[in-house]
Amino acid sequence: MAVGKRVIRVDARAKADGSAKYVADMSMPGMLVGRVLHSPVARGRITNLDIDSARKIAGVRAVVTAEDIPGGNICHIVIDDMPLLANGEVKYTGEPIALVAAESRSAVEDALEAMNLQIEQLPPLTDPEKYADPDSPRLSGKDNIFAHHKIRRGKTDVAFGKADIVIERTYRTTYQEHAYLETQGMLAVPTQEGGIDIYGSMQCPFYVHGAVATVCGLPQSKVRIIQTTTGGAFGGKEDVPSLVAGWAAVLALKANRPVKLILDRSEDIISMSKRHPSRTHIKLGADKKGKLVAAEVDILFDAGAYATLSSVVLWRGTVHACGPYRIPAVKIDARAVATNKVPCGAYRGFGSPQTLFAIESAIDELAYKLDIDPVEFRRINILKKGDKTVTGQKIRSSCGLEECLERAVQASDFINLRKKLHSEDSPVKRGLGISTIFYGMGLGAGGTKLARTGAYVSIQPDGSVQFAVGTTEMGQGMRTVLGQIVAEAFGIPFEKVSCLPVDTSRVPDSGPTVASRATTMSGRALLQACTHLKRNLAKVAAAEWGTKDRIVNIAAGKAIRTDNPDITIPWNELAAIAFDKKAELTVVAHDSSPPTSWNPETGQGDAYVVYSWCANIAQVAVDTRTGEVRLEKLWAAHDIGKAINPTLVEGQIEGGSVQGMGYGLTEEYIIDENGIPLNPKLSFYYIPTTEDAPTIEPIIVESAYDKGPFGAKGFGEQPLMGIAPAIANAIFDAVKIRFREQPFTPEKVWPELKGLDNED
Amino acid sequence: MRIEFTINGHPVNMEIDPSARLLDILRENLDLTGTKEGCGEGECGACSVLLDGALVNSCLVPAFQVDSRSVETIEGLRETEIGKALIDAFCESGAIQCGFCSPGFIVASTALLRSNPEPTESEIRAALSGNLCRCTGYTKIIEAVLLASKKIKEKR
Amino acid sequence: MLRIDGVYRPKTLPEALDVFTENPRLRPILGGTDVLVQLTDSGKHASLLDLSLLAELKGIRRDGQYLWIGSAETHTAISESPLIMECAPLVAKSSSIMGSPAIRNRATIGGNVANASPVAESLPTLIAHGAEIVLISPSGKRTMPVVDFHLGPGKSAIGDSEIITGFSIPVVSENFVGFYERLGSRAAVSIAKVGVALAANMYGNRFSEVRIALSAVAPRVIRSPKTERLLETHPLERNLIEEATPVLIAECTPITDFRSTREYRADMVGQLFRMGMNKILNR
């Protein structure tokens, strides 16, 4: 049995010993170096771009501007507003303007300089709150609004009238940079038939496939995308690789040579997507007994210069904006607005970390206002089986939030530990904070068009099994987990199964690898394929035995006669016979997600097919002398349906939690009022190091999802999502000061502490 | 300009550009692509190698400075006792996710275990503080180094 | 990208000085941890003078009442040197905090000082210890206090074709007390937001020869003469610390940038000073 086991990742050894090939490690005969000329300013008109001089530099083989793009100058994501290369005007610092391919990096650099880019600057809009000001430039449509989502449930004005306590608060979050260790990169190779092959780092090969065909003006049949070993993504390689692949592709076609284009770190930080900065205003009311009665939430996301994924990111943020609580009356308005800054996009959590920070902080604030313990307050209000979410969706099954909460409380010995921490006499004050959150697994009603997967499974004559899927491995362990699912389906040893690299020419469009959907959705398609193959094998065994198919069972790695279980054909023999008999041993299966429903006017419906659940308890230390906050310990309980591989599940919990800690404490990407980034370097954008990382106790809760493979439901994003509010709540517990703007840097914390007694 | 040095125990003699970094000649001239470029400014440790046995960021070492010196990369260290033990332990502990930082961590951990065969958790945290990992949260990396240390001790 | 047009790799100091005199625009390089980053960022063409082969720039030794640290000594060597821990403990401490292990294996004390950053880790501790910097050029050797060498961000008193050979630091007496406290942006590998170094002799509860050096709170690493005087003229007790803190804060002129704020830096100068002083008080 493979499911539930801590098998070693299939890709671990090659990655550890340096033999795994990332796109930067690849080379091809005649390969050129590609690079991009980016805008150094946030808004303006291009007044000079000297292409001829660039072309004359020795070693330069191709120079491409908007005019030279063979197909459409568009990077299709949701709304077609973003060009592959700026056409006459630029809208953000870092916007791509021109491309060069040359024999050497130095020739490329010389060519970029020779272009002598000149831009007539225009005043930029950098403050999202000024999107509607008459003086602000119009960057998108009439109103600078890319998306407006609503939820209307019950009558909030009436409900607030019945509340005993109402609070109104505003919370803010800033950018988060993915800081995947491997920067974006692509290798484009023109084919003999006039098509193009793309190798590269990406989450969503089928996005790239469509985008490259469009910009190259090629039929999709002549474009092939092969994902290379991908060095981290976290959402940052969802949509923007379409740009990078498009750049490499048009250069390669123009030069008729392979072109490798790898972004430098600063270039990557400046020009690639980020988590949306946000402002969330919450009005939240409860009765004396602690029951939530109403919520009104107004959300503003700073989307940047182009729409990209903002509408769907905002949708998830909206659906999660009231947390995992029963609230009978809710009114939510959420807007994503245009600014002259880098287009924001997908990042682990996809709009929900912003709104969950707000609601989880507000829930805590209201609990203290009511003088109810924050754990108890959550016990009263969290969603349980049979309850309805704020979108009116009934939670029918797979609801482990209560168990998560109780197990985290128990594991941390919450009550006693809190007492002990509060009794310490030290300038370093300690406290415990809690967050309870949820995650709508998969694309949900916001992405039904994309909610499909395909899987290819092939039993080899020697009994080993090859499979391929269209979702991608980016570090999370998908190839291993899916291999476990296939092995389990046949009842064969895990070692017999191998996963092929993702290649758009091998498997049908499987939608994007986002929304924590790969295990569940590719797992479902694989199980379909396996079921089909098992039927074929049963026929083979039945023929061998001269019996009917229906009394043959394929299980535990053999064919078994149900009328006499002692009669079996072992797996390898069965495969060999099946091959001999020319049975169909290779199948491609298609799956589409279980249905969802949505009314965009009321924001009511079954938003997601299932939810994962999580409770975090954070122990922080606040140094009252310096304002420094440390996350010392974290208990993180996650209901994921079924842990196919507990080691990999823990890896997601630990890694996501530390990213969430960075979001809460140290990570601050600053774009100034002129739209210029101030710290686009890893030396000034502080992600956690070994010395910052806390002790983490992962707690796995398994409340099975009946439509998931072996009960599993995705959760890879969830570990990040509730950490910042748990830290904020713990800071409050430690020093009784509420921070409503992440990250909680000493520069913000210290001024509030200043009045306190901070003697040694 | 011409330089001579040893790479993973083998002598090499090559013509280099004065602008070349050690990282560039490893990856482009010697096809040793296990050493990665993550930031180009010595911040992430993905390009970690050993120079005369000392841990360095190969993105900040001008290639001309390795003349007459000895360089060890992941491709050499993976054949050593400590390197093998670390790779096994990283695999077993689940210390690898996207893997882009992993060779750098193995190199930095080798440097640590060579000078300090039985490090404490806090010594491991300090020794690996210049290697960034965005996936794992470090817990399993630290466990892996402790495990490798234990395994090596048992074997000796 | 790096655009290095040429490199000189002299084997002796006299040879280096000859080359440097003939080519005064050469950029000296030792470990390269600052130089390579700066040249990569600027994208400018440069030619280098590699000083890393010069044996004359190496060495950690005691000459009577002075400790000598050659400019090419790495932060690893400095932080692990028992001699430095004994003779100039704050210098060992600042080197142990600087950057990451891999950076410390390459970055040198000479390079750190030559780079003349207001956040340079070695500057405040060298200054607190009263170190002198020794420079050599074809016209001869000269020596000056490190505090006078640092003039501003990226600016120093280094002359044309001049090379830093090392640092001469008075060996601490048995009455030495001192601290180096600093704050970064995370637990490891981060540039100082604020640093406070203090070195003094203590007789009973009286300070003498107090030197305080502050980093990241002015365009250059500065001394704080008023606070030093105050400490030298009053017995050490809790009140003195409270009295001296605002005096010290008034002596710095921090700025707000993307790494921190003026107010925070000013307050933290006071807090780090208090923390260090309390350790002395409670020792």
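Modeller: In chain C, contacts between residues 24 or more positions apart make up 62% of those with a separation of 6 or more. The model is predicted, and the description below should be read accordingly. Of the 283 residues in chain C, 52% count as buried. Its secondary structure consists of 12 helices and 14 strands. The radius of gyration of chain C is 19 Å, close to the 19 Å given by the globule rule for 283 residues, so the chain is as compact as a globular protein of that length. Along the principal axes, the C-alpha atoms of chain C occupy a box of roughly 60 × 45 × 30 Å. The domain assignment divides chain C into domain 1 (3-50), domain 2 (55-170) and domain 3 (176-281). Between domain 1 and domain 3 of chain C, the C-alpha centres are 36 Å apart.

Helix H15 (residues 571-580) of chain A has A:Trp571, A:Leu574, A:Ala575 and A:Ala578 buried. These four span an arc of only 100° around the axis, which means that they lie on the same side of H15(A). The general rule is that an α-helix has 3.6 residues a turn, so residues three or four places apart point the same way. The buried residues of H15(A) pack against H14 and against strands S17 (452-459), S21 (558-561) and S22 (564-570) of chain A. After H15(A) comes A:Lys582, with a positive phi near 60°.

Leaving aside residues up to four places away in sequence, A:Ala249 touches A:Ala188, A:Ile196, A:Ile198, A:Val212, A:Val215 and A:Cys216.

Chain A also meets chain B, in a contact that takes 46 residues from chain A and 40 residues from chain B. On the chain B side, the elements giving two or more residues are helices H2 (74-77), H3 (81-93), H4 (102-115), H5 (121-127) and H6 (139-155). H3(B) supplies the largest share of that side, 4 residues. By class, the side of chain B that touches chain A has 19 nonpolar, 12 polar and 9 charged residues.

Definitions and conventions:
Residues are numbered from 1 along each chain as its sequence is written. Chains are lettered from A and ligands numbered from 1 in the order in which they are written. This is a predicted model: local features need pLDDT of at least 70, side-chain atom pairs count only at pLDDT 80 or more; totals for chains, interfaces and linings use all residues. Two residues are in contact if their C-beta atoms, placed from the backbone, lie within 7 Å. Ala, Val, Leu, Ile, Met, Phe, Trp, Tyr, Cys and Pro count as nonpolar, Asp, Glu, Lys and Arg as charged, and the others, Gly among them, as polar. Domain bounds come from an automatic or database domain assignment. The radius of gyration is taken over C-alpha atoms; the globule rule is 2.2 Å times the number of residues to the power 0.38. A residue is buried if 20 or more other C-beta atoms lie within 10 Å of its own, exposed if 12 or fewer, and partly exposed in between; C-beta atoms are placed from the backbone. The arc is that of the directions from the helix axis to the C-beta atoms.
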